[in-house]
Every structure is written in C-alpha cells, then in structure tokens.
Amino acid sequence: MSSALLADLRARGLVFQVAGEDELPAWLDGGCRTLYCGFDPTADSLHIGSLVPLLMLRRFQDAGHRPLALVGGATGLIGDPSFKAQERQLNTPEVVSGWVEKLKAQVSRFIDFEGGENAAEVVNNLDWTANVDVLTFLRDVGKHFSVNAMIQKESVKQRLEREGAGISFTEFTYMILQSYDFSELNRRYGCSLQIGGSDQWGNITGGIDLTRRVNGEKVFGLTMPLITKADGTKFGKTESGTIWLDAARTSPYAFYQFWLNTADADVYRFLKYFTFLPVEEIDALERADAERAGRPEAQSVLAREVTRLVHGEAGLDAAQRITQALFSGELDELSADDFAQLRQDGLPASTIKVAELPETLTQVLVEAGMAASGKQVKDALGRNAVLVNNRALGWEDNAVPAAAFTAERALHGSYFLTRLGKKKYHLFELG
RNA sequence: GGAGGGGUUCCCGAGUGGCCAAAGGGAUCAGACUGUAAAUCUGACGCGAAAGCUUCGGUGGUUCGAAUCCACCCCCCUCCA
C-alpha cells in the first residue's frame, strides 16, 4: 500500500530528497508508521507555504500512517537560520506561546484525530525541552554534534561565509534543537520519519544522525520541493501581501481568488501539489483544457478544491457567492440580504455617511483602501475604470462625491458596489 | 587603528551647483487585447482635487540657488594591521 503512496507522491512531484531511500518503501509497507512535520510559530497564522507539508501529513494518514503535527513552542523561541540571509529578531515567550495555540488549532484542521492506531496528534517541543538544564543538554545532546559538520551544512553556509552577515550561537544551535525533537519523538512515539520543505534537509539529517546515536534507531527523512512559479516570482505572495490560512487575515474570497488567478503554466502542477485529486484525473483535465480553446477549467477546480480544504464547505460557498456576484455583472439580481451576506462573507466593505464624505472621490476610495494614492484613482477615473453600481464615474465627478452616493442611486436604498479596475471591489453601505 | 570606495524616490541604478520630483530598468496600478490568463502595446507611478508641500544617510554651513560644494557625525563594503 505504501510503496503506492510513494509512487503517487513522486508522480505529483512532491518528493525532493529522501534519506534512507532504499529501505523506506518496504518500511512503510510494513505497517502503520509514525511520521512528523514541524511548524514553527513565526506569526499567529500559517500561510500557504505550509500547505504542502500539511497536506503531506494527510496523504500519509490516508495511506494508513500516523501523523504528528509538531508546533515549535521551543524552536520558535530560537529561530531557524536555514537559508535566511539575516539573523532574526527574537519574539517574547508570551507572544510565541500565544501563536502556538493559534497554530495548534490551525494545523488540526488538516489531519484526523479520530479512529484507531493512526489517529493524528499535535505535539509541542516545548514539552520536552523546557525542563532540560543546560549541562544535561550539552553533555547528552551537544556531545553528538560536530561543529565541523554543522558548519558544512548548506543551510547556514551563507551566514558563515558572507561578509557582513553573521550568525549568533543561538540560531546556530537551532539544528541541534530540531534534531533533539526527532530523537525524542522517536523515543516517545516511535516516530520514524520526518518530512519538511527542502530547506529543512540539513535539520532533518541532523535528527536522523542523532536518533541513530542516542536511540540506535534507523529513521527516515523526506523533503518536498520548493514551490516555484513559471514566471520566476515568489509563490504565495500577491501585490497585497502574503496569503494566510487564517480567514481573519486572508478572507476565503481573497483566498479563492488567489488560486483562481493561477497561471496556466503552473496550474496543473499546483493541482498535483495542493489537492487530493488523482493524478490521472488532473492529467485528463489538462488534456481536456488543451483541446477546448479558450478559458481552461483547471483554475476553478484548483480554487474550489483548495478553498474547501482550508476554509471548509461554508468558506467555499461564501467565496463562490461573492465571485459569482461580482464577476457576473448582474447586480440587479442581488437582494438586500445578498449584500449583507457579501459583507459578512468578507467582501471589503465600509459604512459611509453622505454628510461626512471627504471633499473628493479620490479621498473616498483611498480611505476605503481601493487605491494606494489619489493619483491612481485619478488615472482610473480618467479611463472610466471606476464603477459605482455598474455606472462609470469620470474625473468631473471627483469634486462631488456626495452626488455619486445618493440614496436614490443606492441599491436597496443603501448599497454601492464600487469597482476600480477589473478586480478590485469595495462595498459602501449608507449608514 | 591605517588606506580606499559607497549610502539617491518600493528595488536596482544614473545624476557632481540652476533646465532635477531627479535618466534608465524592474516591481506596482490603470487602459487596449483576452479567459478576472500569458505575451504585447499605451498611460500613471513622492504627497495633494488644486494651489502647493515634502525628498536624495544625519546635522549644521557656503550660495540668489545644493542630491550635487564644505564641516562634523552615523552606517555599509574592500584592502592592510
């Protein structure tokens, strides 16, 4: 069953490096194995960069293995230097522990805690590091690490070699801490496989070595590739910032839109990375899209599947409802309830009072966050790119914003769906 | 500690007394085309509706006028010790 899992992962392009490659398939086939992946609290939410490893845990669980999601209450206090150009600012223990709680909840949505021997578990490495004293740690753990080997790791090389950079002892120790996690999880849970992004290779192999030395156990490691985009830009960022998994930071609607805007050159690869759809199905979709000229279907499948995974059926409904309402152009068909719902669903919105409007339209839209500066609004007005309830406004309307937001022009007496350009929407409600 | 080079608008990078809100490229925003794509073309791109206001590491100074000259200070890089 599990060599089938590995074959599927490879078909999806999800396997980058494997430690113990020859023995891993047989080991996985031999029964329910325990594996783990760590997530450090560097913010109060994970972003889509963590999605691949999260789904990976799920893939293993679906294949009959037991996933442990480790939240780094301890490692988060130190900071991983891997491939980071600069030393990072330390966060206070209070802040980190607050983030740990958030991440625990977030991570939990992707794996199943019910059921038998392969029920998932969330663990926190602070549990086994908080009470270890320095001398014990140095003697029992530190002694197994060769600094000579540690400074050879590619992940810290630029920090050691580059002029002007540097690495504190604190961050340099990170690898030891993470290695200790693996050996402890091996001891406590029989964990025998660690997975992570390709940047974690050095930390993972460190843990494998330590586990062999202190527990005499042979354990495995597997990394996933860095997600790249065909145009060379960084995955997971948009003009407006990072795409987070937390609905409070990135609304399900914005999340859905992010995936819907995936480039053709990336979409089939992403379907393999980010969904559980069978590879054959994805290949079939690609062929169908290629035969049918015009708009491919893949993006909407991707957006649907990933939004459902992260935000659930209700989040997906909200995202699709907003998308449908905005991009169909049929505003007349929306009821007052629908507008209230859109606002509820995360469509950017604000309440305005005609008497308190600023002097110009540019100010109104900038304050609503639709544009970065008045110049952009001015440009858009000059090109008929500002629409209020589907009516274009011009530069001549700029000085009289009140005229654009009169009750007579409002939908259902109070709503103004305002569009700037093709994709930026904001709902103004008379208050 | 010594010698030299450098810090320019989001990024890279020109600019060495007025014609500089500052070349060029990238990013970004908007328009055309289209599929809410890609590529391409066009426009905008310090802030401001405008009048105007504020920028070129910092602080002072010279000058009718400074990103450009002077003094001191801070930071970065290269070489030497």
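This is a predicted model: local features need pLDDT of at least 70, side-chain atom pairs count only at pLDDT 80 or more; totals for chains, interfaces and linings use all residues.

Helix α13 itself covers residues 252–260, and eight of its nine residues are buried. The buried set reads Pro252, Tyr253, Phe255, Tyr256, Gln257, Phe258, Trp259 and Leu260.

Now step back to the whole chain. Chain A has 20 helices and 13 strands, and its C-alpha trace spans about 80 × 50 × 40 Å along the principal axes. Of its 431 residues, 49% are buried. Counting contacts with a separation of 6 or more, 74% are between residues 24 or more positions apart. The chain exposes about 20,500 Å², with carbon and sulfur atoms supplying 50% of that area.

Next, the sheet. Six strands form an open sheet with mixed pairing, in the order β1-β6-β5-β2-β3-β4. Which strands stand at the edges? They are β1 (17–19) and β4 (121–124); each has a single partner strand, so one side of each is left without a neighbour in the sheet. On average, neighbouring strands here are turned by 25 degrees against each other, if direction is ignored.

Strand β2 is mostly covered, with five of its six residues buried. Its partner β3 runs parallel to it, and six bridges join the two. Within that pairing, tyrosine 36 stands opposite leucine 68 in β3. On to the next pair: β3 (residues 66–71) also pairs with β4 in the parallel sense, over four bridges. There, leucine 70 has valine 123 in β4 as its bridge partner. As for side chains, in a regular strand they alternate between the two faces of the sheet.

| Helix | Residues | Strands touched or crossed | Angle |
|---|---|---|---|
| α11 | 174–189 | β2, β3, β4, β5 (191–197), β6 (220–224) | about 145 degrees to β5 |

So what about the cysteines? A search of the whole structure turns up zero disulfides. Cysteine 37 is in no disulfide, and the nearest cysteine sulfur, that of cysteine 191, is 10 Å away. Why does that rule out a bond between them? A disulfide here needs the two sulfur atoms within 2.5 Å, and the sulfur of cysteine 37 is the nearest one to cysteine 191, at 10 Å. Are these two buried or exposed? Cysteine 37 counts as buried because its relative accessibility is 3%, under the 20% cut-off. Cysteine 191 is buried too, with a relative accessible area of 0%.

UniProt, in an unreviewed entry, lists residues 339–427 as "domain: Tyrosine--tRNA ligase SYY-like C-terminal". In the model, the end C-alpha atoms of that span lie 8 Å apart.

Key
Residues are numbered from 1 along each chain as its sequence is written. Chains are lettered from A and ligands numbered from 1 in the order in which they are written. Side-chain values use heavy atoms; hydrogens and water are left out. Buried means under 20% relative accessible area, exposed over 50%, partly exposed in between (1.4 Å probe, protein chains only). UniProt positions are given in the numbering used here, feature names are shortened, and annotations may be inferred rather than shown by experiment. Two strands pair if DSSP finds at least two bridges between them. Axes are lines fitted to C-alpha atoms, for helices over the stretch in contact, and angles run from 0 to 180 degrees between N-to-C directions. Contact means heavy atoms within 4.5 Å. Accessible areas come from the Shrake-Rupley method with a 1.4 Å probe; for residues, only the protein chains shown count as cover.
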